[in-house]
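This briefing goes with a protein model and is meant to be read beside it. Please look over the sequence and the structure before going through the notes that follow.

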Amino acid sequence: MQVTATDSDDSTTANGMVRYRILSQSPHSPIPNMFTINSETGDIVTVAAGLDREKVSQYTIIVQATDMEGNLNFGLSNTATALISITDINDNPPELTVRTFSGEVPENKVNVVVTNLTVVDRDQPHSPNWNAVYRIVSGDPTGHFTIRTNPITNEGMLTVVKPVDFEMNRAFMLTVVVSNQAHLASGIQSSLQSTAGVTISVQDVNEPPVFPVNPKMIRFEEGVPAGTTLTVFAAQDPDHFIHQIVRYSKLSDPANWLKINRTNGQITTMALLDRESMYVKNNVYEATFLAFDNGSPQASGTGTLQIYLIDVNDNAPVLMPRESQVCEHARPNSRVNITAADADADPNVGPFVFELPSFPASVRRNWTISRLNGDYAQLRLRISYLEASVYEIPIIVSDSGNPPLSNRSVIRVKVCPCDDNGDCSATGAVAATGLGTGAIIAILICIIILLSMVLLFVVWMKRREKERQAKPLLIDPEDDVRDNILKYDEEGGGEEDQDYDLSQLQQPESLDHIISKPAGVRRVDERPVIAESQYPVRPSLPHPGDIGDFINDGLRAADNDPTAPPYDSLLVFDYEGSGSTAGSVSSLNSTSSGDQDYDYLNDWGPRFKKLADLYGGGDDD
């Protein structure tokens, strides 16, 4: 490095000429004067080799600057501190802490750390000169292991990346070499301790049985009878050094066609194998089986059996379409294209053979079939005219299997009048539409039920009319509420009506105390001593047509009845309790004083005649 001092004096004179020297060095390793300084330029340089960062990483130097050309007796001086840091180079190779490492790993396990390899490097930590890189140089030709570096501790983590098999290798002897990310400095040799051996022991575990061929494909014809042996689907136990028993069970069998022998894995059928089943995909039926041992813990493996089903001719062809229409007059374009559908596969399908049966004879007399190709034919009229209707025509369809299968199918053909374009007209379509026997019977039943309901309704209306004419009133006696007690609400009394005597409101059994009273004194709450009112008998009308006339007749009969009870008869509404400050109204005299004229009561009608006799100016006063 270079240090520089400035002086404000004239630099051309001795007063401004500065000289440099080192006063001290700390520390004094490896020697006290490792550095020197150029007295005129201030350059600090090393005196000899021997700087070692691992021993001393920084030096502190006191530098003095003196003017007067460095004359300590006459010149002025000042000091400064120079810090010198020693940078690192890769002059220390990494060294493994031990010569041999060991570890254990269970078989068939991956991503398991077997052991940690510890290393020492004196270079600057977390730098390329310190970071360790591990390599396996021998003992693992198939690549079962790898070593990853821990970025914090710089340790090597020996990890399993490929499963190991105890039955194949019980132990591994690896040779590991460690180096740095950065190359060693020139002239530095790698240490013998950069290489170590690793011994790995493989632990035996109970492995599941394995099916040698998985999935296993076999070929069989469909329709083989139940109880047929298909194959032996056996598994092997990888644990050769342990004698274990393997057993079998069925895991998945969608159609429930198969069963497996529990001991030896023999597959037999329980039902007919059908290639046309919904469980067969692309002619292949799949079932899954389970093999398990008696180890501790128990281990199991699965195997898939694929059965390729060879087609046999076990499905007869089916005619298509099932319905069509033609014109009643034979025309060149009035034909029906027919074909067949067969669930089997080639060569048990087309070409198909279409023919009309010999019975009934009218079929061949009226219709004919002409072949178009191997899969299609045409049905048309043989005669020039056929009456419009719906005809069920039987057709025999045969496939090309060996032996061939035939099926008698029926096609419903609607024969109808057609327009100029050869299309069935709307009127003709309606005329040609036929109804089956079941539909006709259903329609007749519905008509009978409807007529019965109408008849019952008419009878009920007539009966209701007769009952209405026979009644004297507009309503039934049971519905007449005029003589019934209707309780609408009950408004309770006051605070003093909780304990009252109802005897004051009861009907007296004897009338002597009333008859013996002097004339002119009467209680309004007692029954008047008069003969019972006799209402005139009203003739019952056969059928009152107007309710207004009925009410007016009753009103006139009541007004002209002199025996009707007066309004001061006993009318009990409710008892309102005792303690009233007013006296009883029954104690009031009803005698006339002479100061008031009651003759006007005679003008009020028959209902006030009795009152006029009592209070008016008659002979009985």
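Which residues of strand β14 are on its covered face, and which are on its uncovered one? In this predicted model, strand β14 spans residues 195–203, and its covered face is made up of Ala-196, Val-198, Ile-200 and Val-202. The uncovered face of β14 consists of Thr-195, Gly-197, Thr-199, Ser-201 and Gln-203. The points below begin with the pairing of this strand and then turn to other parts of the model.

**Strand β14 and its partners**

- Strand β7, which covers residues 100–106, pairs with β14 in the parallel sense, and 7 bridges link the two.
- Within this pairing, Val-105 has Val-202 of β14 as its bridge partner, and Val-202 belongs to the covered face of β14.
- Strand β13, covering residues 171–180, runs antiparallel to β14 and is joined to it by 7 bridges.
- Here Val-176 has Ala-196 of β14 as its bridge partner, and Ala-196 is likewise listed on the covered face of β14.

**An open sheet of 3 strands**

- An open sheet is formed by 3 strands in the order β1-β4-β5, with antiparallel pairing.
- The edges of this sheet are β1 (19–26) and β5 (77–85), each of which pairs on one side only.
- On average, neighbouring strands in this sheet are turned by 25° against each other, if direction is ignored.
- Between β1 and strand β4, which comprises residues 58–66, there are 7 bridges in the antiparallel sense, and one of the residues involved is Tyr-20, whose bridge partner in β4 is Ala-65.

**Glu-328 in a loop**

- Glu-328 is located in the loop that connects β23 (323–327) with β24 (336–341).
- Is Glu-328 buried or exposed? Glu-328 counts as buried because its relative accessible area is 12%, and the cut-off for buried is under 20%.
- Leaving aside residues up to four places away in sequence, Glu-328 touches Leu-381, Ser-384, Tyr-385, Leu-386, Ala-388, Val-415, Cys-416 and Pro-417.

- With a relative accessible area of 48%, Trp-460 is classed as partly exposed, since exposed would require over 50% and buried under 20%.

Technical notes: Residues are numbered from 1 along each chain as its sequence is written. This is a predicted model: local features need pLDDT of at least 70, side-chain atom pairs count only at pLDDT 80 or more; totals for chains, interfaces and linings use all residues. Side-chain values use heavy atoms; hydrogens and water are left out. Buried means under 20% relative accessible area, exposed over 50%, partly exposed in between (1.4 Å probe, protein chains only). Helices (H or I, at least four residues) and strands (E, at least two) are DSSP runs, numbered from the N terminus. Two strands pair if DSSP finds at least two bridges between them. Axes are lines fitted to C-alpha atoms, for helices over the stretch in contact, and angles run from 0 to 180 degrees between N-to-C directions. Contact means heavy atoms within 4.5 Å.
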